[in-house]
Amino acid sequence: MILLLFRCIFIISAVFMLYSFALWSLLSCRPFLQRLTDNFYEEEHIDLGDETERTTFEYYQPELQFPTSIPELQNLVSVLRLYHDEHFNYLISLFSLAYVYKQTFAIPGSALMNVLGGALFGVWVAVPVVCLLTAVGASCCYLLSSISLAHLLVRFEQERVRKLRNKIRGNNSSLFLFLLSLRIFPGTPNWFLNMAAPVADVPLHLFCTSVLLGLAPYNTVCVVAGASVSQLRSVSDLWSAQSVTVLVVLAIVAYTGSRLLQPQTRHVPARKTN
């Protein structure tokens, strides 16, 4: 048990340090921005001293960090928008690495990252980008769990893993639709599903595809909210009764489809013996 725990800590720490180093390297080489500064100086003359204004430029690297609230997000948007025109490739690379980083280690805040994407890239670009990044990050979490957390999950979350495994086996013939319904439903703990999926024998290709399509409605809601980020006051503003209802209905439709595609088992009565 101690050996398994040490192995888990070692692998996760190594991968975390690798991701963190890559993100730090990208942040440290962020392009300099230019801003105006007004310097006043006085020129003394024999008969008249007049004050003139000289406009100069200075170059600086803005401070960047993960947002944890809507005000922090709005400040970050105002800074990153300065990179959009002249340093778009850097901006999309930084956003992609940061997004996958958070998804891989199940760090909370995916909603704010989706809003950030909508504010920076617009709805039509941000929706496919964040959906793809969600699938990539969740798949990385899946793979990391399969080589490190699998045995610990079975040991310490035995009941939850057993229930999930039974659900997976019970919907094996229509597994994709069942996984899709789990992803669409707004109350699903996606972090646990990402970690427990390899233990529950969910194939990676079905897992990745269900994340890509199943979380698309959720991501779209957040991205659309990002298009008007200046009007947001809290994270609760992202959701309305209508959007939650739509997600629940879509989840029910997907789950119903998975049940309808299940093979019907016929009960054969036992023969009476004389």
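## Helices α2 and α4

The contact (heavy atoms within 4.5 Å) involves Ile70, Leu73, Leu76, Val77 and Leu80 of α2, and Leu112, Val115, Leu116, Ala119 and Leu120 of α4. These residues divide into 10 nonpolar, no polar and no charged. α2 covers residues 70–80 and α4 residues 110–121. Their axes are 10 Å apart, at an angle of about 35°.

## About the model

This is a predicted model; local features need pLDDT of at least 70, side-chain atom pairs count only at pLDDT 80 or more, and totals for chains, interfaces and linings use all residues. Numbering starts from 1 along each chain as its sequence is written, and side-chain values use heavy atoms, leaving out hydrogens and water.

## Helices α8 and α12

Helix α8 (residues 175–184) and helix α12 (residues 241–260) cross at roughly 165°. Their axes come within 8 Å. The two are therefore roughly antiparallel (angles over 145 degrees). The crossing of α8 past α12 is left-handed.

On the α8 side, Leu177, Phe178, Ser181 and Ile184 take part. They meet α12 residues including Leu247, Tyr255 and Ser258. The contact residues divide into 8 nonpolar, 3 polar and no charged.

## Ser145

Ser145 sits in helix α5, residues 123–148. Ser145 is buried, with a relative accessible area of 1% (buried means under 20%). Leaving aside neighbours within four places in sequence, Ser145 contacts Ala150, Leu153, Met195 and Pro198.

A polar atom of the Ser145 side chain lies 2.5 Å from the backbone oxygen of Met195. Ala196 is 51 residues from Ser145 along the chain, yet their C-alpha atoms are separated by 7.5 Å.

Note on methods
Axes are lines fitted to C-alpha atoms, for helices over the stretch in contact, and angles run from 0 to 180 degrees between N-to-C directions. Helices (H or I, at least four residues) and strands (E, at least two) are DSSP runs, numbered from the N terminus. Ala, Val, Leu, Ile, Met, Phe, Trp, Tyr, Cys and Pro count as nonpolar, Asp, Glu, Lys and Arg as charged, and the others, Gly among them, as polar. Buried means under 20% relative accessible area, exposed over 50%, partly exposed in between (1.4 Å probe, protein chains only). A polar contact is a pair of N or O atoms within 3.5 Å; within protein, one must be able to donate a hydrogen and the other to accept it, and residues adjacent in sequence count only if both atoms are side-chain atoms. Angles under 35 degrees count as roughly parallel, over 145 as roughly antiparallel, 65 to 115 as roughly perpendicular and the rest as oblique. A crossing is left-handed if the near helix is turned anticlockwise from the far one by less than a right angle, and right-handed if clockwise.
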